[in-house]
Amino acid sequence: MSMNKRLARLLLLTVGLTVSLSTHAADGPKATEVAPPQNVFARNVMSLNGPWHYFIDVQEQGYYDYRMQPTPWGYFRNAKPQRPSDLIEYSFDESPVMNIPTDWNTADPQLLFYEGTVWFGREFTLNPQPSTLNPPPSTLNPPLSTLLYFGAVNYDAIVFVNGKEVGRHVGGFTPFCFDVTDLVHEGTNFVILKVDNKRYQDAVPTRNFDWWNYGGITRDVLLLQVPPTYVEDYTVQLAKGNARQIDLRVKLNRQQAGEQVTVSIPELKIRQTLTTDSSGVATASVKAKKLQLWSPEQPKLYAVRLSHGDESINDEIGFRTIETRGRQLLLNGEPIFLRGVCVHEEAAYSNRRAMSAADADTLLSWATQMGCKFLRLAHYPHTEHAVRVAERQGMLVWSEIPVYWTISWGNEKTYQNAERQLHDMISRDHNRANIIIWSIANETPHSGARDRFLGRLASYARTQDATRLISMAMEVMSASNYVNRLHDNMHEHVDVVSFNQYVGWYRDVNDARRMTWEVPYEKPVIVSEFGGGAVAGLHGPVEQRWTEEFQENLYRENLEMLDKIEGLAGTCPWVLKDFRSPRRPLPHVQDYFNRKGLVSDQGQRKKAFYVMRDWYTQKRKK
């Protein structure tokens, strides 16, 4: 069998929030969903990235065949004709190939606007050669367990391994993982995946949003080999309010007492052995002498090693404090102004879903050239690669879940979906020093139901991480006598007051300089969005929309206006680069792109880019 044909079967996923297992797929060996291990790339892993076969299922025939008619030739079985007379109306082996991770919209031109189901399949072989593992384990046979990990799949997924349903996951930007130990075997195995990116009113994000709905397996797929009892999660960070004490917390995947885990930070001469309690959790606090705090100017990371039996995990972790004092934002005890920009997870030049460290490095280089040291990662958790690249480069980060615009505030399943995404975002990145803000929403219309929904999210976020700040992007749409007064009941739940405003673009064109702002809350203020659109290379009068001169003047007037806000602690112009959006069809100008980028999708700096650069240079000198 050729290599391409051997790469023909892997994962399955579907649509919806709750579906019971069908008996024909659930009989026999089982798989269970498990929490994605912390720092997955430091584990014994085999990458399942690369060529996957795929085909489009517009009418979801494979789904209904699986649910309603448990035939022996269902898509999830990866059936093949055994006799010339056999009728099987699909073939992964003969279907085209897509290199995963990617989005199908740009990988296959016929799928640019497609929203629906695509089936993916791939084969993998156990035992792989040891050289494919990092580092190589002594064996892949029991007692090691096998986990199947996905960095993200957009949006609904059902996974099958060797013809058995593994489980499903809902949400397009957070990782998920299954224990498939009992389903895999030595030799050739396959995974089939049903991916559905249709939009729903009760989903998160909801039906209406202003970015491209990239479908597919958009982040890494990994096969992990771990001991039956392994380190599932760990926290190594400064104690809240104490810059000289490091709190340690280790959680095993099982509720098992008496297990010992050693945490060492050689450069700080720290070596602490922890013993788990009956819940499988161990905690300790240690004093840190001569600790160099992480900062944008000196993004210091310490090598950290965790050891548990034959298992060892290496990480790089920085230590810093973040807090507020009145209207000031304090990093490591000192006031800071966040010189920021909003960024969508869309690759430069190729306008596809960004997915790698290299993709992130290009976008971060543009932000750095503009003088930024803060990124608002809009409007969903970005890939772990991007967060880590930003950390190494000294970029502070605002990380957000896609509770966006008109969510179904009264639907409890919608809330649980949002809370799960919030949990998974925090769980993945809680050891990253550069993340200082967890954001729970963007531009949400006011109502009692909305306040209750978001209030619950804010409270939940604090139970998951009490050391970082909570915020959300509020919205201001009108003014009275050129005085904008922010009023939002959510001010009681956030640490930092943030709002989006588009004076000069959506409202009050040419009046930005006359505007004043009143923020009646004794908290720091971040202007989380402002700006306007321009086509790179289009020049004309200042009064002509879409010209670089119009955008340049808009930025000059906005910055003069924003500088007057009391307690202004940071700004995030919208947006770093032009990005795809189905809401922007204007021919010859937008062509399904949001043109508010300070840089074009092809890397051209617009005139407003230099306005921001000069303003941030002045801010840095103060």
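Mentor: Helices (H or I, at least four residues) and strands (E, at least two) are DSSP runs, numbered from the N terminus. The model is predicted, so local features need pLDDT of at least 70 and side-chain atom pairs count only at pLDDT 80 or more, while totals for chains, interfaces and linings use all residues. Residues are numbered from 1 along each chain as its sequence is written, and side-chain values use heavy atoms, with hydrogens and water left out.

Trainee: How many helices and strands does the chain have?

Mentor: Both kinds of element are present in the chain. The count is 10 helices and 35 strands.

Trainee: What is the radius of gyration of the chain, and why does it agree with a compact globule?

Mentor: The radius is taken over C-alpha atoms, and the globule rule is 2.2 Å times the number of residues to the power 0.38. The C-alpha trace spans about 80 × 60 × 45 Å along its principal axes. For 622 residues a compact globule would have a radius near 25 Å, and the chain agrees because its radius of gyration is 25 Å.

Trainee: What percentage of the contacts with a separation of 6 or more is between residues 24 or more positions apart?

Mentor: Contact means heavy atoms within 4.5 Å. Among the contacts of the chain with a separation of 6 or more, the share from residues 24 or more positions apart is 74%.

Trainee: What percentage of the residues in the chain is buried?

Mentor: Buried means under 20% relative accessible area, exposed over 50%, and partly exposed in between (1.4 Å probe, protein chains only). Of the 622 residues in the chain, the buried ones make up 62%.

Trainee: Why is helix 6 described as largely enclosed by the rest of the structure?

Mentor: Helix 6 covers residues 384–392. Its buried residues include Glu384, His385, Arg388 and Glu391. Just after the helix, Gly394 takes a positive phi of about 80°. Helix 6 is largely enclosed because the buried residues number eight of the nine.

Trainee: Which residue lies 42 residues from Asn442 in sequence and 8.5 Å away, C-alpha to C-alpha?

Mentor: Asn442 belongs to strand 27 (residues 435–442) and is buried, with a relative accessible area of 1%. Leaving aside neighbours within four places in sequence, its contacts include Arg376, His379, Trp405 and Glu529. The residue at 42 positions and 8.5 Å from Asn442 is Glu400.

Trainee: Is Thr414 buried or exposed?

Mentor: Thr414 is in helix 7 (residues 412–429). Beyond neighbours within four places in sequence, Thr414 is in contact with Asp202, Ala203, Val204, Ile407, Ser408 and Phe453. Its relative accessibility is 0%, so Thr414 counts as buried.

Trainee: Which residues does Ser264 touch, not counting those up to four places away in sequence?

Mentor: Ser264 lies in strand 16 (residues 260–265). At 10% relative accessibility, Ser264 counts as buried. The residues that Ser264 touches are Ile270, Arg271, Ala303, Val304 and Arg305.

Trainee: How many disulfides does the structure hold?

Mentor: A disulfide is a pair of cysteine sulfur atoms within 2.5 Å. Cys572 is in no disulfide, and the nearest cysteine sulfur, that of Cys342, is 4.9 Å away. Cys572 is also buried, at 0% relative accessibility. The number of disulfides in the structure is zero.
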